[in-house]
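Hi there,

Here is the structure I promised to pass on to you. Have a look at it first, and then read my notes below.

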Amino acid sequence: MITFPRKKGTQQLILSRKSLLVIGLSVLGGTVSPVSAAPITHYFTINPIRICNTAATTCAPTPFFPNETYKIYSQVGVAPIFLPIKQINNSSLLTVNGVANVSVPGNGQHPNPTTINAWFTNSLNSAPGSVLYGEAWLGGNGLVINGSAVQSFPPSGRKDTFAHEVGHNLGLGHSDFGAGAGNNLMTAGSSRLIPGGVGDITPDGANLSQLTASQKTKLLASPFLAPVPDVLIDTRGSTPFDSNDFFLVKFNSGGASNVFLKSLKVDLTPVNAFFDSTNISPGNSSSPFAISAADLIGLSASDITLAGGNAALNGQQSMTLTFADNAFKAGDSFRFGVDIDLFSGIDNFGATPSELIGSLFSFVFSDGFAVQSALDADLTASSTLPNGLPTFVGDPSGGVNVSPGTITDDPDPVPTNGLVPTPAPLPVLGVLSALRCARTLRKRTKIARL
């Protein structure tokens, strides 16, 4: 039997492993873990470029559908990151023939060669009776989207067009690496089923926008992708009160060469708790933020700074740690503790591990990659398990030069009177529901078009 100190009295728990503690707390009515996100191993950045008329009074729509695009690429462990939208004012570019007309110097390109440039025009020229929704360089940098046509596609936009064109930049064609089936992201528009929203994208609903194992292998070799740094948050013990080693922060691996962690933010708002770091209200029995000297690996305590110190932290629901430049890299780790109380139980035993499930950990790395993760039922969080869309701090840089792409002839017309394919009904939660699939329309020429 292991006895843990309480703020008032003692509490006795019989423990073997952390997993048994989690199970016991769940049985007793502990907080249910949020659904874990799919792990991500790579990311790429996108530079959206909105084209407006010269007077800047009329602009093309920018339907890049970030939630759908993220879900599509997360199936292969890849996260798209959208930079702030740029704008160029040039009336002559509101309607163009294709990507070659916009991907010329001076049209808003990002200086980083591995940030994908995505132009949004008001329309793309096409043969009579057809619509061209987008076009991209195959294996090169640049794509163009027919913003008006993609956004107005019934009922709520052509949700996979942007992700499809990005796939071309990443080296995927219409008929290679397993493409060809209606449920594959890269199949030509004449045969592909279009998801109506996030709920239709694999592995959910109609199970659309799939990528094969061969397509995953191909796109993971693309120079546009960068590895995701892997930092793990873990816990031990029954409470962070009177502890300097409750939380483990471990930089496992990943990330480009010399990437380091710049900051870590802990947010207790989702679990209605606060940091009780001094004996001043709201809590009067506390323990301060402290680092375990015995558990410092690869960095020193002086490399870690608590923003504002313990006095400023007391009573707050978020805490930020910053790290000295080049101090916290792959292979390094440390442990820390600080008292955490629930607002519903101030100065009680302190928050238990299960009561902290859902707390948010935000990571910012030196390469600009930024992501937030939630503490899950295993009492861990990770920079590879986002609970929202990853973001980017600053401007991407340092990418390698990418060879120009190609556009090869491959007839793929999109007639405006295309038919609506309807799959057989699928069971959802035990009830047969007719799953809606948006229209698939044919499109006109060239392999890197949709």
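Let me start with N107, which is buried, with a relative accessible area of 9%. By buried I mean under 20% relative accessible area, with exposed being over 50% and partly exposed in between (1.4 Å probe, protein chains only). N107 sits in the loop between α3 (99–102) and β7 (116–121). Helices (H or I, at least four residues) and strands (E, at least two) are DSSP runs, numbered from the N terminus. A polar atom of the N107 side chain lies 2.9 Å from the backbone oxygen of V102. That is a polar contact, meaning a pair of N or O atoms within 3.5 Å; within protein, one must be able to donate a hydrogen and the other to accept it, and residues adjacent in sequence count only if both atoms are side-chain atoms. Leaving aside neighbours within four places in sequence, N107 is in contact with I49, I88, L93, N101, V102 and W119. Contact here means heavy atoms within 4.5 Å.

A word on where this comes from: the model is predicted, so local features need pLDDT of at least 70 and side-chain atom pairs count only at pLDDT 80 or more, while totals for chains, interfaces and linings use all residues. Residues are numbered from 1 along each chain as its sequence is written, and side-chain values use heavy atoms, with hydrogens and water left out.

Now for the overall picture. The protein has seven helices and 26 strands, and buried residues make up 50% of its 450 residues. Of the contacts between residues at least 6 apart in sequence, 73% join residues at least 24 apart. The protein exposes about 18,400 Å², and carbon and sulfur atoms supply 54% of that area; the areas come from the Shrake-Rupley method with a 1.4 Å probe, and for residues only the protein chains shown count as cover.

Is S243 buried or exposed? S243 is buried, with a relative accessible area of 14%. What does its side chain reach? The S243 side chain reaches the backbone nitrogen of D245 at 3.0 Å, and it also reaches the backbone nitrogen of F246 at 3.0 Å. Further along the sequence, not counting residues up to four places away, S243 touches S287, G337 and V338.

A search of the whole structure finds one disulfide, counted as a pair of cysteine sulfur atoms within 2.5 Å. It joins C52 to C59, with an S to S distance of 1.9 Å. The torsion about this S-S bond is about 105 degrees, so the disulfide is right-handed. C52 is buried at 0% relative accessibility, whereas C59 is partly exposed at 32%.

Then there are some backbone features to look at. Most residues other than glycine have a negative phi, and most peptide bonds are trans. The peptide bond from T202 to P203 is cis, with omega near 10 degrees, and P203 is in the loop between α5 (161–169) and α6 (213–220). Another cis peptide bond joins S281 and P282, with omega about 15 degrees; P282 is found in the loop between β15 (273–275) and β16 (290–291).

The loop between α5 and α6 also holds F177 and S209. F177 has a positive phi of about 55 degrees although it is not a glycine, and F177 is partly exposed, with a relative accessible area of 32%. For S209, phi is near 60 degrees, again a positive value in a residue other than glycine. S209 counts as buried, at 1% relative accessibility.

Last, one of the sheets. Six strands form an open sheet in the order β17-β18-β14-β21-β22-β24, with antiparallel pairing. The edge strands are β17 (304–306) and β24 (391–392), each pairing on one side only. Two strands pair if DSSP finds at least two bridges between them. β17 and β18 (residues 318–323) pair in the antiparallel sense over three bridges, and T305 stands opposite T322 in β18.
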